[in-house]
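Here are a few notes to read alongside the model, for someone opening it for the first time. Have the sequence to hand as you go.

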Amino acid sequence: MKLEELDKRLLALRTAAREVRDPTAADETLEYLLHLLETREIRSILEIGAAEGLTSCALLSASQARLTAIELDSGRAKRAREHFEEFGFTSRVVLHEGDAGEILRLLKEEYDLIFLYGT
Ligand SMILES: C[S@@+](CC[C@H](N)C(=O)[O-])C[C@H]1O[C@@H](n2cnc3c(N)ncnc32)[C@H](O)[C@@H]1O
């Protein structure tokens, strides 16, 4: 899937998220991630610092993978939950709210793709 094929509402949310302090992943980054999904067999994804879940939603849109997301900020985690529900991904997502430094120690799964984008 190409970036421009993503849901229009998701693309609009991405544009708005560029204005905030910790923006969502740049188009080039997301395009690369979408390329990985097209060319590799990726069944499980971990996003560390998922913010409002916009990159997670894009990756879920472009694949059938399951995704684990970690987000420290409770307001952003809440928005991420809302976005997962809005786009119909709740059954494929586990969102951990808290410090990745602590949560990562508790995760036992292996992941085909791990994405961390921070400032
Ligand atoms: C640049 S934003 C991430 C953008 C997101 N990956 C995307 O593409 O939409 C960085 C996020 O990491 C979160 N964060 C920072 N430190 C963290 C930590 N120790 N554990 C979990 N999340 C953290 C911040 O709250 C922020 O939402």
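1. First, the ground rules. This is a predicted model, where local features need pLDDT of at least 70, side-chain atom pairs count only at pLDDT 80 or more, and totals for chains, interfaces and linings use all residues. Residues are numbered from 1 along each chain as its sequence is written, and side-chain values use heavy atoms, with hydrogens and water left out.

2. Look at the ligand's neighbours. There are 18 residues around it, and T24, E47, T55, E71 and R76 come nearest (a residue is near if one of its heavy atoms lies within 4 Å of the molecule). By type, the shell splits into eight nonpolar, four polar and six charged residues. Here Ala, Val, Leu, Ile, Met, Phe, Trp, Tyr, Cys and Pro count as nonpolar, Asp, Glu, Lys and Arg as charged, and the others, Gly among them, as polar.

3. Now the atom pairs. A ligand oxygen is 3.0 Å from a polar backbone atom of A25, and a ligand nitrogen is 3.0 Å from one of G49. D99 uses its side chain: an N or O atom there is 2.9 Å from a ligand nitrogen. The protein covers 85% of the 600 Å² of accessible area that the ligand has on its own (Shrake-Rupley method, 1.4 Å probe).

4. Move to helix α3, residues 54-61, where seven of the eight residues are buried. Buried means under 20% relative accessible area, exposed over 50%, and partly exposed in between, with a 1.4 Å probe and protein chains only. Helices (H or I, at least four residues) and strands (E, at least two) are DSSP runs, numbered from the N terminus. The buried ones are L54, T55, S56, C57, A58, L59 and L60.

5. Why does S56 count as buried? Because its relative accessibility is 0%. This α3 residue also has a side-chain polar contact with the side chain of E47, at 2.6 Å (N or O atoms within 3.5 Å, one able to donate a hydrogen and the other to accept it; residues adjacent in sequence count only if both atoms are side-chain atoms).

6. Most residues other than glycine have a negative phi. A51 counts as partly exposed because its relative accessibility is 21%.
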